[in-house]
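I opened this notebook to record what I looked up in one structure. The entries go topic by topic.

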Amino acid sequence: MRLRTTLSLTAAIAGVMAFGVVSTANALWTANDAVVVPELRTGAVTFGAAAESQRVLSAAGEPVEITLPGTEIATVLDQGGLRTEPVIWRFQVTGAALGIAGLDYDITLGDQVWHDGRSAELAGGVAQDGTLLADSTVRIYPAGLGDDCSVIPDAPVDGGAAVDVHLLDASDRTLQAPAANPTGTEVTQTWCVAMLWNHRADGVYVSEASARGIAVDGSENRDFDTWDAAVAFPASLNAIGVYDHTAWAEGTGDDGTQSRDDSSWSGSVHPDPAGEPDLVIRIDPRVTNANPAVAPGDHATR
């Protein structure tokens, strides 16, 4: 009889401990891709961001960072000629909130980061001089239906400031409303980064030709025609300098006479676009609650 009583008591204690573990775990951020539906409406959440070859998760409500590689920014140089279409790059914000919780987030700009570890703050969206980003117009905006990035919003008027990177509709974004995801399905929102090279404009030149002729009857006939010639400047960073080269040759002929000649030419040297720094994009999550008395914050609450 004593043995049966002891076993029953042990089972009851184990049950209480297991219940406590489930309740505590579901009240915290989930640091992996899977979200387990809690037995209680505790508000477990998961949040992260992804791009090509990148995926980052928030372990405890801290911001996550996605990196726009400098190699992608350098593709604006492929817009040489008469191309005017921007280069499009995408990233995704993902997450899920269970129970009474929801998820909002803000997107802000981080630093420009060079390959050697140097960094520069992108204060006010103004890039460092000498980078391709400083000679481009970049707009970061939410994708349309079907993750479409073709409708690029106009950049805001910044009072004449030379802003290179514009964040559009990037504050107080709702990834998921509170208490709206009972199955824990991951919610994804796509963002677009449109990059347009604008350092040097191409030109269009108008040409005109005219003709005059006298017919056999002595009458005079005139006509003219016009056409446009497009001149495209190759896209590149500002030249480091212009280098002059001179070559000369001297020779003696069979009759003993000497001949000399020389030639010169110049060449512009441009920086290597492979040194373009990366651009860090920061996404900061915020947990909301179905209970209006609970203020949004970084941590889920019961």
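The entries below cover the strands, the disulfide, the aromatic rings and the salt bridges.

**Ground rules.** I am working with a predicted model, where local features need pLDDT of at least 70, side-chain atom pairs count only at pLDDT 80 or more, and totals for chains, interfaces and linings use all residues. Residues are numbered from 1 along each chain as its sequence is written, and side-chain values use heavy atoms, with hydrogens and water left out.

**Sheet.** I looked up the strands, which are DSSP runs of at least two residues, marked E and numbered from the N terminus. Two of them pair if DSSP finds at least two bridges between them. I found an open sheet of 6 strands in the order E2-E1-E4-E10-E7-E8, with mixed pairing. Its edge strands are E2 (54-57) and E8, each of which pairs on one side only. On average, neighbouring strands of this sheet are turned by 15° against each other, direction ignored; the axes behind such angles are lines fitted to C-alpha atoms, and angles run from 0 to 180 degrees between N-to-C directions. Strand E1 (residues 45-51) runs antiparallel to E2, and 4 bridges join them. In this pairing Ala49 stands opposite Val56 of E2.

**Strand E3.** In a regular strand the side chains alternate between the two faces of the sheet. Buried here means under 20% relative accessible area, exposed over 50%, and partly exposed in between (1.4 Å probe, protein chains only). E3 pairs with strand E15 (residues 278-289) in the antiparallel sense over 5 bridges, and Ile66 has Ile281 as its bridge partner in E15.

**Disulfide.** I searched the whole structure for disulfides (cysteine sulfur atoms within 2.5 Å) and got 1. Cys149 and Cys192 form it, with their sulfur atoms 2.0 Å apart. The pair links distant parts of the chain, 43 residues apart: Cys149 is in the loop between strand E7 (136-142) and strand E8 (165-167), and Cys192 is in strand E10 (residues 187-197). The link is left-handed, with -80° about the S-S bond. Cys149 is buried at 2% relative accessibility, and Cys192 is buried at 0%.

**Aromatic rings.** Rings of Phe, Tyr and Trp (its six-membered ring) pair if their centres lie within 6.5 Å; planes under 30 degrees apart count as stacked, over 60 as edge-to-face and the rest as tilted. I counted 4 aromatic pairs. Trp89 and Phe91 are a tilted pair, because their centres are 6.2 Å apart and their planes are at 40°. Tyr105 and Trp191 are edge-to-face, at 6.4 Å centre to centre and 70° between the planes. Tyr105 lies in strand E5 (residues 101-113) and Trp191 in E10, so this pair ties together parts 86 residues apart in sequence. Ring pairs link Phe47, Trp89, Phe91, Tyr105 and Trp191 into a cluster.

**Salt bridges.** A salt bridge needs a side-chain nitrogen of Lys or Arg within 4 Å of a carboxyl oxygen of Asp or Glu. I found 7 of them. One of them joins Arg286 and Asp106 (2.8 Å, N to O). Arg286 is in E15 and Asp106 in E5, so the pair ties together parts 180 residues apart in sequence. Both Arg286 and Asp106 are buried. Asp106, Asp172 and Arg286 are linked in a network of salt bridges.
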